[in-house]
Amino acid sequence: MTVTTEVSRTTRDFVGTTRRLLIDGQWVEAASGKTFVTTDPATEQEITYVAHGEAEDIDRAVAAARRAFEEGPWRTITPSARGQIIWRLADLLEKHADEFAELEALDNGKPLSVARTADVPLAVDHFRYMAGWATKIEGNTIPISVPGTLAYTLMEPVGVVGQIIPWNFPLLMAAWKLGPALATGCTVVLKPAEQTPLSALRLGELFQDAGLPDGVLNIVTGFGDAGARLAAHPGVDKVAFTGSTEVGKLVVQAAAGNLKKVSLELGGKAPLIIYRDADIENAIANAASAAFFNHGQCCTAGSRLYVERDIYDDVVTGIAGQAKKIKVAPAFHPGSQMGPLISGEQFERVNGYLAAGFAGGATALAGGGRHGDTGYFIEPTVLTNVSQDMTILREEIFGPVLPAMAFDDPREIAAAANDTNYGLAAGVWTRDISKAHQTAALIRAGTIWVNTYHVYDAALPFGGYKESGWGREMGHQVLNNYLESKSVVVGL
């Protein structure tokens, strides 16, 4: 195993031993004894070995979560005590922020500076926000039209939750999932992405340090078969999945066996709409960030650019100029602004989309190919000569690729923006306040950013329309994913 010398001794020690599964408060080997390798996508070198959990391990973890829910203290512990444990976890995460940033940079490949300033602080904030909700989950009394009765509702935890998270924001997605589930009193089996298991495993250790009772959080690392068993497991009351739309559909099918509740945060193909009256300099900078943040491996990535024809040449030239200035380098290199794609598989996928685009007549105004000879690096790419029917404009690429088109009639742009199976996010740039609100109202997507992009907050609901998912993450709306409403009627 080869780990860059830039990481701290603490991180080197953590990855210096084979990482195990967390089941019922114990760190254990997989039932099969098998392990798998997690790899640095910048160097293609091994980082460490991780326990290879499979169906039997999922079964053990679900049984532990069921015991913790039915018999353990978590369901009956006071809301204040639940909130305090989650808050202590946030404090510990903040204390170990540099270590978690290093783990994210190693495992995912994102620049260390991005992990330090975005991923870790947002995760800390999310846990604190959700800790506060633990004491604010309440039902209400209802004056029903039946004499001599008192009616009220109770909001209760749904039970054992299976959570499957992706590789693009490993720590942050764990926080988005675990925060509300634990605040509502559920118990959890967490299945991290096989490409990026390390920060979730370290988070499990911090939860133990924070005083979380055994069995409340169980972590099983493994591949798709483990996730499939978790989604289908009859002992799971609800499954929450973040990932591709294709896998999301499989999760829905698997969950049908016991009609478990399902929430999904899936893919996107976000349109970026720049009107001629926009602040062009701001629009160029924001559109470049929208497309290339996190190497384009972001479900909300701005991956379809529509520019009013009068300013089209200036805008696409400006964004291409921004793309050429981005420093593409390994996570720990000074000044790195964009790291590699997550894996060889994703590298080939993005290259396949580029090849299809070029075969269809698209032209690269910037980028268009591999960066360097080692690692899974793709150049930030801006494509012109694009049409609405091309796969690069219709399918989620999940890489730093921005196809651009000009439009003439502002009255028709909403129809073009909505001409997709997805509906997760969109960006609009204009100085006309009426046009901004009107466009935001017409686009069918869960988040519309106006004159900005990639703004997230723990209090702001996040999710999509159409094939971008079911339900919402973050904000108080996410609590509905993990609660059951019970009506009680008492004859007086």
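The legends below describe close-up views of helix packing and pockets in a predicted model. Local features need pLDDT of at least 70 and side-chain atom pairs count only at pLDDT 80 or more, whereas totals for chains, interfaces and linings use all residues. Residues are numbered from 1 along each chain as its sequence is written, and side-chain values use heavy atoms, with hydrogens and water left out.

**View 1. Packing of helix H3 (residues 79–95) against helix H6 (residues 170–183).** The two axes lie 10 Å apart at an angle of about 160°; axes are lines fitted to C-alpha atoms, for helices over the stretch in contact, and angles run from 0 to 180 degrees between N-to-C directions. H3 and H6 are therefore roughly antiparallel (angles over 145 degrees; under 35 counts as roughly parallel, 65 to 115 as roughly perpendicular and the rest as oblique). Helices (H or I, at least four residues) and strands (E, at least two) are DSSP runs, numbered from the N terminus. On the H3 side, Arg82, Ile86 and Leu93 meet Leu171, Gly179, Leu182 and Ala183 of H6, contact meaning heavy atoms within 4.5 Å. These residues comprise five nonpolar, one polar and one charged; Ala, Val, Leu, Ile, Met, Phe, Trp, Tyr, Cys and Pro count as nonpolar, Asp, Glu, Lys and Arg as charged, and the others, Gly among them, as polar.

**View 2. Packing of helix H5 (residues 112–133) against H6.** The axes of H5 and H6 come within 9 Å and cross at roughly 5°, which makes the two helices roughly parallel. H5 contributes Asp119, Val120, Leu122, Ala123, His126, Phe127 and Met130 to the contact, and H6 contributes Leu171, Leu172, Ala175, Trp176, Leu178, Gly179, Pro180 and Ala183. Twelve of these residues are nonpolar, two are polar and one is charged.

**View 3. Packing of helix H4 (residues 97–108) against helix H7 (residues 198–209).** The angle here is about 155°, with the axes 9 Å apart, and H4 and H7 are therefore roughly antiparallel. Glu99, Phe100, Leu103, Glu104 and Asp107 of H4 meet Leu198, Ser199, Arg202, Leu203 and Leu206 of H7. The contact of H4 with H7 holds five nonpolar, one polar and four charged residues.

**View 4. The largest pocket, with about 1100 Å³ of space.** On a 1 Å grid over the protein atoms alone, a pocket is an open set of points where a 1.4 Å probe fits, with protein on both sides within 12 Å along at least five of seven lines; lining residues have an atom within 4 Å of a point. Grid points are joined across faces, edges and corners, and a volume is the space filled by probe spheres set on the points. Among the 45 lining residues, Trp167, Phe241, Gly243, Ser244 and Val247 are the closest to the centre. Helix H8 (224–232), strand E10 (238–242), helix H9 (245–255) and helix H12 (344–359) each give two or more residues to this lining, and H9 gives the most, with seven. The lining has 20 nonpolar, 13 polar and twelve charged residues.

**View 5. The second largest pocket, with about 260 Å³ of space.** Its lining consists of 15 residues, with Ser289, Phe292, Phe293, Ile326 and Gln337 nearest the centre. Helix H10 (280–292) and helix H11 (309–325) each supply at least two lining residues, and H10 gives the most, with four. By class, the lining of the second largest pocket has eight nonpolar, five polar and two charged residues.
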